[in-house]
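Please look through the sequence and the model shown here. The paragraphs below go from single residues to the chain as a whole.

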Amino acid sequence: MKAMYYERYGERPEIRTLPDPVPEPHGVVIKVEASGVCRSDWHGWVGHDPDIVLPHVPGHELAGVISAVGKDVIRFKVGERVTVPFVSGCGRCEECHSGNQQVCSHQFQPGFTHWGSFAEFVGIHYADTNLVHLPDDVDFATAASLGCRFATSFRAVVDQARTRPGEWVAVHGCGGVGMSAIMIASALGANVVAIDVADDKLKFAQSMGAVAGINAASVADVPEAVREITRGGAHVSIDALGHKVTSFNSIDNLRRRGRHVQVGLMLGDDATARIPMAKVIGHELEIYGSHGMQAWRYGAMLDMIAAGKLAPAKLIGRTITLEEAVPVLMGMETSREIGISVITQF
C-alpha cells in the first residue's frame, strides 16, 4: 500500500510503499476513502505523544470500505461503508462495560498507538466494539471529518457540558474543533461567542452560528469581553485550542456555576495549565475533559446530520492528495487556513 511514513519526529514525512495490513482476529482492514488532517496528527509528528512508536504512519480521522474481516468479527462484513472513533475501546475492561470506551485503559488509536489512515489501507482493532456503519447519504469526506474534531466537540457540547437552549457558550479557538463546537452549540439553541485572533475565522464562525466574535489580539482582557457580551459570563466555555492562555481564559470567563470543557490537547509546553482555583471554589465552577466519543453515541450525531440540524460538510475547506498532505501536516501549527483538509486521493 502507499502511505505517509516518518522514522524521526519533526523530519519531513515520505510517501512510501509499505506492506498491506492483515486483520487481527477481532479486527478489520479498511480501504481508506478519506482521512482528515488534524492538529493532533501534528502533535504526534513533532513528538508530543508518548504512545507513538517509530517508524510511524499517522492519520486518525477516517472513513472507507471494509476490505478484510477477522475470524471473530460478528457485526461487520466486507464491502460495508464504515467509520471509527479515533479513541477505540478494547470492549472488555470496566470502562468499556460501562459504555465509556473513550477512556478505555487499553484503548486502540489509529495513527497513535498503531499505524494510521494516511494510507490506502488501515487495520482497526476490536471492530465489533468500535466500528460505525455509515448511512448512504453521508459521503466519505464528511464521515472522515467526524472522526476526531466533530465527534469530540459533539460529546463536549452535548454530553460533558450539557448545553441547554438559551445558554451562553464561549468557544476559544476557531479551528476545526472550535468551528464544530460552534455549529453544534448553535444547533442546540445556545448563544455562541467565538474567540480567535483572526478576523476571517471569526467571520466564518458567525456563518456557523456564532452570535458574537472577539478578536483576542485586539482586546486587553478576553474574559472581561466575554462577561460584557454575555451579561455576566458564559454558562459553558470550551477551550478548543489547547493553550495555557486559552485554557485559563475559558475558565475565567465563566459565570457562577458555569462549566468549562477542555477539548484542545494540552501537550508540550502547554501540558501544565494555570487554573484560577479560588474562582473555581468560590463560584462552584465545573471543569471537564472531553476525549473523543464512543461509537454507540454516533447515532445521535448522525441523526442530527440527517435531520439537517448539523452540516459538518460546511467545515471541509478542501480535499487533497496524500502527497499534498505532507506540507499540510508539517504546517499545521502556523496554518491560517479556514476549514478542514481531507485526503481523498491516495
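Pro110 is buried, with a relative accessible area of 0%; buried means under 20% relative accessible area, exposed over 50% and partly exposed in between, with a 1.4 Å probe and protein chains only. The model is predicted, so local features need pLDDT of at least 70 and side-chain atom pairs count only at pLDDT 80 or more, while totals for chains, interfaces and linings use all residues. Residues are numbered from 1 along each chain as its sequence is written, and side-chain values use heavy atoms, with hydrogens and water left out.

Pro110 sits in the loop that runs between helix H2 (94-97) and strand S6 (121-124). Helices (H or I, at least four residues) and strands (E, at least two) are DSSP runs, numbered from the N terminus. Apart from neighbours within four places in sequence, Pro110 is in contact with Gly59, His60, Leu62, Phe86, Trp115, Gly116 and Ile124, where contact means heavy atoms within 4.5 Å. Between Pro110 and Gly123 there are 13 residues of separation in sequence, and their C-alpha atoms are 8.0 Å apart.

Arg155 belongs to helix H4. Is Arg155 buried or exposed? Arg155 is buried, and its relative accessible area is 9%. Not counting residues up to four places away in sequence, Arg155 touches Asn100, Gln102, Gln160, Ser290, Gly292, Met293 and Gln294.

The buried residues in H1 are Ser40, Asp41, Trp42, His43, Gly44 and Trp45. After H1 comes Gly47, which has a positive phi, near 100 degrees.

Ile320 is part of strand S14 (residues 316-321). Its relative accessible area is 1%, so Ile320 is buried. Which residues does Ile320 contact, leaving aside its neighbours within four places in sequence? They are Val37, Ala325, Val328, Ser341, Val342, Ile343, Thr344 and Gln345. Asp221 is 99 residues from Ile320 along the chain, and the C-alpha atoms of the two are separated by 39 Å.

Strand S9 (residues 191-196) has five of its six residues buried, so S9 is largely enclosed by the rest of the structure. S9 pairs with strand S8 (residues 168-172) in the parallel sense over five bridges; two strands pair if DSSP finds at least two bridges between them. His172 stands opposite Ile195 in S9.

The whole protein comes next. Its secondary structure comes to 11 helices and 15 strands. The radius of gyration is 19 Å, close to the 20 Å that the globule rule gives for 346 residues, so the protein is as compact as a globular protein of that length. This radius is taken over C-alpha atoms, and the globule rule is 2.2 Å times the number of residues to the power 0.38. Along the principal axes, the C-alpha atoms fill a box of roughly 55 × 40 × 35 Å.

Of the 346 residues, 55% count as buried. Among contacts between residues at least 6 apart in sequence, 71% join residues at least 24 apart.
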